[in-house]
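Trainee: Please take one ligand surrounding in this model and go through it slowly, then show me how the parts that build it sit in the rest of the chain.

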Amino acid sequence: MTSRRLVLVAFDQLNADHGALAAADPAHDVVLLIESTSMLEARPWHPERTYLLLSAAAHFARDLIEQGFTVDYRQAATIEDGIRQARADHGIEDVVSTWPTSFAAARRLEGLGVHLVPNDLFLTSREQFDAWVSRQRTFRMEGFYREQRRRLGILMDGDEPVGGSWNFDAANRLPPPKDYRWPSSLVHEHDEIDEKISRRLGHQPSGAWGTTRAAALRQLEHFLEHSFAGFGPLEDAMPADDWAVHHSLLSPYLNIGLLHPEEVVRRAVARFDQGGIPIESCEALVRQIIGWREYVHGMYWFLGHEYRFRNALDAHRDLPPVFTGGDTDMNCVGTTVADIDKRAWVHHIPRLMILSNLALLAGVEPQQFLAWMREAFVDAYDWVMVPNVIGMGLYADGGTMMTKPYAAGGAYISRMSTFCRDCAFDPRKRVGPDACPFTTLYWDFLDRHRERFARNARMAQQVRGLDRLSDLDEVRQRAREVLDLLDAGRL
Ligand SMILES: Cc1cc2nc3c(=O)[nH]c(=O)nc-3n(C[C@H](O)[C@H](O)[C@H](O)COP(=O)(O)OP(=O)(O)OC[C@H]3O[C@@H](n4cnc5c(N)ncnc54)[C@H](O)[C@@H]3O)c2cc1C
Ligand code: SF4
């Protein structure tokens, strides 16, 4: 007779066809979901995020019961307590689970004797990534991405990329067009389970996020129908009057298992094959999912637990109040933070070129910024937030992941957004009371790190720009004022 097992399902692994659940036997096994108070209360999580996790897990448990599984959904002080109690209650010692998505969770489960099976909610196994990374001298995403295209046979024409190019980035950097109608975004209705969770948390959900597999599939189809065509060319645009732009809004579902990256890419390529979708949009989406997402996941495990503590630029400023909802005259920052407050989400460019850029230029301590980002976003998990913040956003790894920091002044934000026209500051000015803080801090940042970046071929030209500034002393003076105002929450 098959021995009975507890199949532990983490709240970011809600998928019955993958990982430990794929081999679970409804006749013998008990599926265990543990809502741990210590996790819920460990940090000031954005309620939108907690709502999504709890409601999606509750729906998932209900669906498994309907499929004939015995499900034990329990609340416990800690995961350890939950497992201990479930073992005793069911008289089952064997616990199996899918490899979790953080070092901390893996250590905890291994310590409890949980048998971990590979996590195939990604397209690249740890072995496949290690095989790629061990052949590299530098770890650039572009090389990984091309290998993924070939390995997975996605958008390939024999050995050549469909459309004749691997990369359409040059076509994909359009600013927000004038008088443009952005695609409508889906509003997700709430059912009884959602309402129960919402009452429990005392949080009225925004409607931006569904909590079931059916809702995730609706979001995917909505994106393919309404937003996919314009995705590539407008992926970097930041219009002040629209929050979703042409983005897919799929990360929350991909990251909790309600969608698998393979099905998203397969559906997107099938939609592209039907016609009407430019190659630059299809390639851009494929790049994000089989490229960036898999690369970031692989790098998280490859770089190790200590990577999160890197601070190559020696940045030690406390997180300024502007990130946590303090008043600000910087329209780009204020609008972005207000959007996060509403939905726990903004797209890639505000994350990178507004929030991370400000933290980078101001020299905010990476671990404080990482903690805030981790709490504030609906799609945030360790494996994805750590490399994106430490490597991409803050260059705190000194260039392990990126060839140069994503540092930019107000000119970039002014070109790619409509924020500056309604701002108290002037993106062209670097000194004076109405100088754009980004512009001032950008030059001051280059000045502070002049020696390091002069040695970087991709930064040397920017650094040489410092020599053309006749007002560098004034810039330094204004930067000190800006940083003081930022610290005091008065900018
Ligand atoms: C500082 C910073 C922090 C970030 N934190 C997260 C995070 O916590 N969780 C998260 O899922 N993404 C994160 N990203 C990546 C990216 O911003 C989001 O995946 C994206 O904005 C989610 O919205 P979307 O689903 O509409 O994405 P789209 O723009 O429609 O892209 C499609 C998919 O590509 C994947 N993707 C694209 N870029 C990345 C990337 N750099 N890393 C991982 N996946 C990527 C996502 O799964 C996304 O759903 C971060 C980026 C930066 C710069
Ligand atoms: S002027 Fe500067 S602070 Fe104001 S919106 Fe533009 S970039 Fe942001």
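**The shell around ligand 1**

Mentor: Around ligand 1 there are 28 residues, and among these H247, S248, S251, Q288 and H348 come nearest; a residue is counted as near a molecule when its C-beta atom, placed from the backbone, lies within 6 Å of it. Before we go on, please keep in mind that this is a predicted model, in which local features need pLDDT of at least 70 and side-chain atom pairs count only at pLDDT 80 or more, while totals for chains, interfaces and linings use all residues. Residues are numbered from 1 along each chain as its sequence is written, and chains are lettered from A and ligands numbered from 1 in the order in which they are written.

The elements that give two or more residues to the shell around ligand 1 are α10 (251–254), α12 (279–303), α14 and α16, where helices are DSSP runs of H or I with at least four residues, strands are runs of E with at least two, and both are numbered from the N terminus. By class, this shell has 15 nonpolar, ten polar and three charged residues; here Ala, Val, Leu, Ile, Met, Phe, Trp, Tyr, Cys and Pro count as nonpolar, Asp, Glu, Lys and Arg as charged, and the others, Gly among them, as polar.

Two of the contributing helices also pack against each other: α14 (residues 348–362) and α16 (residues 382–393) meet at an angle of about 65°, with their axes 10 Å apart. The axes are lines fitted to C-alpha atoms, for helices over the stretch in contact, and angles run from 0 to 180 degrees between N-to-C directions. The crossing of α14 and α16 is right-handed, that is, the near helix is turned clockwise from the far one by less than a right angle. L352, S356 and L360 of α14 make the contact with V389, M392 and G393 of α16, two residues being in contact if their C-beta atoms, placed from the backbone, lie within 7 Å. Four of the residues in this contact are nonpolar, two are polar and none is charged.

The shell around ligand 1 also involves two domains, since it draws at least three residues from each of domain 2 and domain 3. The protein is divided into domain 1 (6–117), domain 2 (126–302) and domain 3 (309–488), with bounds that come from an automatic or database domain assignment. Domain 2 also touches domain 1, where 16 residues of domain 1 are in contact with 17 residues of domain 2, and the side of domain 1 that takes part holds eight nonpolar, six polar and two charged residues. The C-alpha centres of domain 1 and domain 2 lie 27 Å apart.
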